[in-house]
Amino acid sequence: EENGHQSKRLKRDADEEDAEDQNKKSPKRKIVLLMAYSGKGYHGMQRNVGSSQFKTIEDDLVSALVQSGCIPENHGEDMKKMSFQRCARTDKGVSAAGQIVSLKVRLIDDILEKINNHLPSHIRILGLKRVTGGFNSKNKCDARTYSYMLPTFAFAPKDHDVQEEVYRLDRETLEKVNKLFACYKGTHNFHNFTSQKGPKDPSAKRYIMEMYCGEPFVRENVEFAVIKVKGQSFMMHQIRKMIGLVIAIVKGYAAESIIERSWGEEKVDVPKAPGLGLVLERVHFEKYNRRFGNDGLHEPLEWTEEEEKIAVFKEQYIYPTIINTEREEKSMVNWLNTLPIHDFNSSALGIQANNKNSKNSSDLEGSDGCDDDSD
C-alpha cells in the first residue's frame, strides 16, 4: 500500500515538473501581433462576449489563440486576463492590412504558423514582436493611416451621363481632388464630420498629417483609385464624410468654400461616402520607437520585412472583395444618386429637420475604424 502511495506521489511530482518545464520553455510575454483581414461578413473587430449572433474578427482570433495553445481557455472568456488591447476598433465590413493587437501569450515554438493554422484564410497574423510589459497598443499609438478604395467615376461631373466601365479620371480632375484633400491637413474642428459632437466639444478637434488620392488603376474593366489619410485619430464617420464632401464638390453639388465653412460653428450638411472601400492600412508608434526601439531589448514597431506579405494579402483578399462587392451591390452608384437630396446651403434648423426624416439603418454602422475610443 505504502509503495502504491509512493509511486502515485512520484508520478504527480513528475507531472508537475513536466508542466513547470513546459511553462519555463514558453513563459508568458507581452507581444504585439500584426494582423491583416478582410472585414466582409464581420461586425467589426471588437469582440462582444455573450453576443454570438454578431461575429467579429476577435472571435476568430481568440479561438485560434486558445486552440494553438498560446493562451489558456479562460483568458479567451475574460480578455483582461491576457491584457488584450486592439489598436483600432474597425467597424462592420471594414478591412485591415496593418492592425496591431497587444497581449500576453505563451511564446510557444512556431507560434505564428500555429495561430494561422486555426484561422480562416482571410485573417492572417503576419508578424510578431516583443514589447515592454506596460505596452498598450491603443494608448501608445500616435497616428493611424487609412485607405479608401473607390471607383473613379465617383468624381465624374454631375451633369455628364457616365458609363461606369468607360470613365477614366483625367489629370486635371485628379489635381483638383488632391488640392481639396490637402485642405484637410492640419488641426481643424471636425464636429460637422461626425454625429453627436457640438462645435464647442474639444474632442472634435483633430490633427490630419496627410491626405491624397493616388494614381488610378483598372480592375475588372473599372477604373479605381486609392485615397490615403494619416491622422492622430478619427471620430465616427469622419473619414467617410471627409471623402463624401470632396466628391460632392468635385461633382459640382457644393462650392469649394463649404470645407472652410464646415470648420465653423454652423451646422453643415456633409454627406457620408459608403463604408465599402475603407481599410486600416497601418498604425504608427513613433514615440514608443524613439524611446524603446533601440534600447537593446526591444525592436522598433516597424514592419518593413512584412511589407511584401501585406501587399500580397491586399491583392488576394482585400481588393477583390471591395471590387466584387462594388460590382454586385453598386454601393457607390447608389450613394451618388443620393447627393442631389443634400442641401449644401441649408441652415442648421433645416438640417435638423432633414436628419429627423432620414434616420436610416446605415447610420448605425459605427465608426471609421477608430470610433471615439481612439482618443
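K129 lies in strand β4, residues 123–130; strands here are DSSP runs of E with at least two residues, helices are runs of H or I with at least four, and both are numbered from the N terminus. The model is predicted, so local features need pLDDT of at least 70 and side-chain atom pairs count only at pLDDT 80 or more, while totals for chains, interfaces and linings use all residues. Residues are numbered from 1 along each chain as its sequence is written, and side-chain values use heavy atoms, with hydrogens and water left out.

K129 is buried, with a relative accessible area of 9% (buried means under 20%, exposed over 50%, partly exposed in between, with a 1.4 Å probe and protein chains only). Apart from neighbours within four places in sequence, K129 is in contact with I31, V32, E299, P300, L301, E302 and W303, where contact means heavy atoms within 4.5 Å. The side chain of K129 makes a polar contact with the side chain of E299 at 3.5 Å, and the K129 side chain also reaches the backbone oxygen of E302 at 3.4 Å. A polar contact is a pair of N or O atoms within 3.5 Å; within protein, one must be able to donate a hydrogen and the other to accept it, and residues adjacent in sequence count only if both atoms are side-chain atoms. The charged end of K129 sits over the ring of W303, 4.9 Å from the ring centre (NZ of Lys or CZ of Arg within 6 Å of the centre and within 35 degrees of the ring normal).

Salt bridges come next. The structure holds 14 of them, each a side-chain nitrogen of Lys or Arg within 4 Å of a carboxyl oxygen of Asp or Glu. One joins the side chains of D59 and R47, at 2.9 Å from N to O. R47 is partly exposed at 23%. Another salt bridge pairs K55 with D60, with closest N and O atoms 3.4 Å apart; K55 is partly exposed at 39%, whereas D60 is buried at 13%.

E215 and R171 form a salt bridge too, with closest N and O atoms 3.0 Å apart. E215 is in the loop between β7 (205–213) and β8 (217–219), and R171 is in helix α5 (residues 171–182), 44 residues apart. E215 counts as exposed at 51%, and R171 as partly exposed at 48%.

The whole structure has 11 aromatic pairs. Rings of Phe, Tyr and Trp (its six-membered ring) pair if their centres lie within 6.5 Å; planes under 30 degrees apart are stacked, over 60 edge-to-face, and the rest tilted. Y184 and W263 have ring centres 6.0 Å apart and planes at 70 degrees, so this pair is edge-to-face. Both residues are buried. Y288 and F292 form a tilted pair, 5.2 Å centre to centre with 40 degrees between the planes. They are 4 residues apart in helix α8 (residues 286–292), which means a separation of about one helical turn. F135, F285, Y288 and F292 form one aromatic cluster.

Two positions carry record annotations. D91 lies in the loop between β2 (85–86) and β3 (95–106) and is buried at 12%. Y146 is in strand β5 (residues 143–151) and is buried at 0%.
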